[in-house]
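Good morning, and thank you for making time for this item.

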Amino acid sequence: MTTIALITGANKGIGFETARLLGARGLTVLAGARDEARGREAERALREGGAEARFIPLDVTDEKSVQQAAEWIDGEYGLLDILINNAGIARGDGAGRPSETTLATLRTVYETNVFGVVAVTNAMLPLLRRAPAGRIVNVSSEVGSITSMTDPDGPLAGLVSVPYPSSKAALNMVTAMYAKELSGTPIKVNAANPGYCATDLNRRSGFRTPEQGAEVSVHLATLPGDGPAGVLWGHLWTAGGDGCGVLPW
């Protein structure tokens with residue numbers, strides 16, 4: 001039986017690489033994207049690479065779009081095995097001092113990074129419950145770890161910003177609460193830390209590749225039955241290499 005995986009924001013960067021890697025494993029990948037032209041192009045590229053891929057229109061900030069996507073998946077497949085909440089944004093306005101942060105920036109970032117994840121997860125949960133072993137992966141970041149961000153000797157000591165880091169901290173809590181609600185079920189919910197990857201999000205300034213970041217999501221999306229749940233797992237910046245493990249909340 002084919003395993004069905006939905007990846008939001010799959011038209012580029014880590015999302016595209018996640019879809020590509022899952023497709024290479026023989027999964028059917030549903031490439032969610034709000035821009036149809038880019039979504040169709042991603043579908044073509046994934047198919048040319050040998051993946052069983054289908055573009056699905058999905059704007060995580062639009063409840064109607066989210067519901068339509070869930071209804072389409074229900075009609076086409078009847079269930080969903082894997083949900084990867086990958087879509088995310090960052091905004092430069094107020095990215096420096098917290099005192100310069102605007103509410104408009106906060107609202108924009110939270111609409112995608114937090115509210116969008118809740119909307120998509122709730123819409124897809126009935127489909128995930130029908131799967132033998134559902135997996136939910138929320139793509140977070142080490143900058144959402146309050147422990148890491150407040151370590152004076154850590155690599156993130158110099159980063160001072162509210163919108164993106166706080167949205168990922170909120171996403172971490174969202175992840176932990178869904179994991180608690182779904183404990184005792186076959187569904188596992190975890191947060192992924194892809195690490196500082198070179199993507200459009202950071203003007204390609206990261207030192208890891210999108211593929212390396214995607215490998216973190218793929219790992220969590222394909223966990224065995226005895227795998228962890230309710231953790232932030234991924235790249236460990238202080239490991240002195242490309243090691244992965246559990247990060248502190």
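Predicted model: local features only at pLDDT ≥ 70, side-chain atom pairs only at ≥ 80, totals over all residues.

Residues are numbered from 1 along each chain as its sequence is written, and side-chain values use heavy atoms, with hydrogens and water left out.

Let me turn to the overall fold. The protein has seven helices and eight strands; helices (H or I, at least four residues) and strands (E, at least two) are DSSP runs, numbered from the N terminus. The C-alpha trace spans about 50 × 40 × 35 Å along its principal axes.

Of the 249 residues, 52% are buried. Here buried means under 20% relative accessible area, exposed over 50%, and partly exposed in between, with a 1.4 Å probe and protein chains only. Among contacts with a separation of 6 or more, 69% join residues 24 or more positions apart, a contact being heavy atoms within 4.5 Å.

What lies inside? The largest nonpolar core has 29 residues, and L6, L80, L83, M124, L128 and I136 touch the most other members. Such a core is a set of buried Ala, Val, Leu, Ile, Met, Phe, Trp, Tyr and Cys residues joined through side-chain atoms within 4.5 Å. Two or more residues come from each of β1 (4-7), α3 (63-76), α4 (103-129) and α6 (163-181), and α4 gives the most, with eight. Leaving aside neighbours within four places in sequence, M124 is in contact with L6, V66, A69, A70, I73, L80 and L83. A second, separate core holds 28 residues, including A5, L21, A53 and V218.

G32 lies in strand β2, residues 28-33, and counts as buried because its relative accessibility is 0%. From G32 to T18, 14 residues apart in sequence, the C-alpha distance is 12 Å.

S148, in helix α5 (residues 146-149), also counts as buried, since its relative accessibility is 19%. Outside its sequence neighbours within four places, S148 is in contact with E142, L156 and P248.

Which residues do we find in the loop between α7 and β7? P228 is one of them. With a relative accessible area of 37%, P228 is partly exposed, and beyond four places in sequence it is in contact with K188, N190 and L223. P228 and N190 are 38 residues apart along the chain, yet their C-alpha atoms are separated by 7.9 Å.

T222 is found in the loop between α7 (210-221) and β7 (232-235). T222 is partly exposed at 31%, and its contacts beyond four places in sequence are L22 and R25. The C-alpha atoms of T222 and H235, 13 residues apart along the chain, are separated by 17 Å.
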